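Dear colleague,

Please find below the structure that I am handing over to you. My notes on what was found in it follow.

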Amino acid sequence: MKNICALFVLLLTLSSAVSAHTTLTASNPGDGEAMEQIPTILELQFSEPVRLVRADLFAVNDGSEREVDISFERTVANEKTQLVPLPDNLGHGNYRVAWSVLGADGHPVSGEFTFSAGVHQGHGGSTGHGSHQGQNHKAATHDSASHNHD
């Protein structure tokens, strides 16, 4: 009986580890951050090593969006931290970042978040100079439609 209970606990542990998927744990700029400085690099930190397969940047003004050319190239190496250079001419405004990764388990995960650049803040406001950990990054999704989970 002890062996059956031990096997059951082991199977539960393994199944929960297998069902855990990659999450974006932090970013710089952070989700919803209003920065005084214009960022020169986008930093994405994940819960496990990933391959970044897509990173898009959109300028958002008055409800309309315009894609900003960031000359993104897919990454080959699996890394927990992914860095994406931003263009020198980014400018002041509101931005939306959309990203997609392949986790170590091979499952695609995607999400998005927003930030504002070149925002002057009053006394006591955040300067926007640090990574934001543990934030709720919007719309992180796991694409299971293309995978069979037996």
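Arg 54 forms a salt bridge with Asp 56, and the closest N and O atoms of the pair are 2.7 Å apart. Please bear in mind that this is a predicted model. Arg 54 is partly exposed, with a relative accessible area of 30%. Asp 56, at 17% relative accessibility, counts as buried, because buried means under 20% relative accessible area.

The count of salt bridges comes to three. In another of these pairs, Arg 96 meets Glu 65, with 2.7 Å between the closest N and O atoms. This pair links distant parts of the chain, since Arg 96 is in strand β6 and Glu 65 is in strand β4, 31 residues apart. The side chains of Glu 112 and Arg 96 also meet in a salt bridge, at 2.8 Å from N to O. Glu 112 lies in strand β7 and Arg 96 in strand β6, so the pair ties together parts that are 16 residues apart in sequence. Through shared partners, salt bridges join Glu 65, Arg 96 and Glu 112 into one network.

I turn next to the nonpolar core. The largest one has 23 residues, and those touching the most other members are Leu 44, Leu 57, Tyr 95, Trp 99, Phe 113 and Phe 115. Strands β3, β6 and β7 each give two or more residues to this core, and β3 gives the most, with eight. Phe 115 touches several residues, including Leu 57, Tyr 95 and Val 97.

With kind regards

Definitions and conventions
Residues numbered from 1 in each chain as written. Predicted model: local features only at pLDDT ≥ 70, side-chain atom pairs only at ≥ 80, totals over all residues. Heavy atoms only, no water. Core = buried A, V, L, I, M, F, W, Y, C linked by side-chain atoms within 4.5 Å. Buried < 20%, exposed > 50% of the residue type's maximum accessible area, 1.4 Å probe, protein only. Helix = DSSP H or I, 4+ residues; strand = E, 2+ residues; numbered from the N terminus. Contact = heavy atoms within 4.5 Å. Salt bridge = Lys/Arg side-chain N within 4 Å of Asp/Glu carboxyl O. Lists of a residue's contacts leave out its neighbours within four places in sequence.
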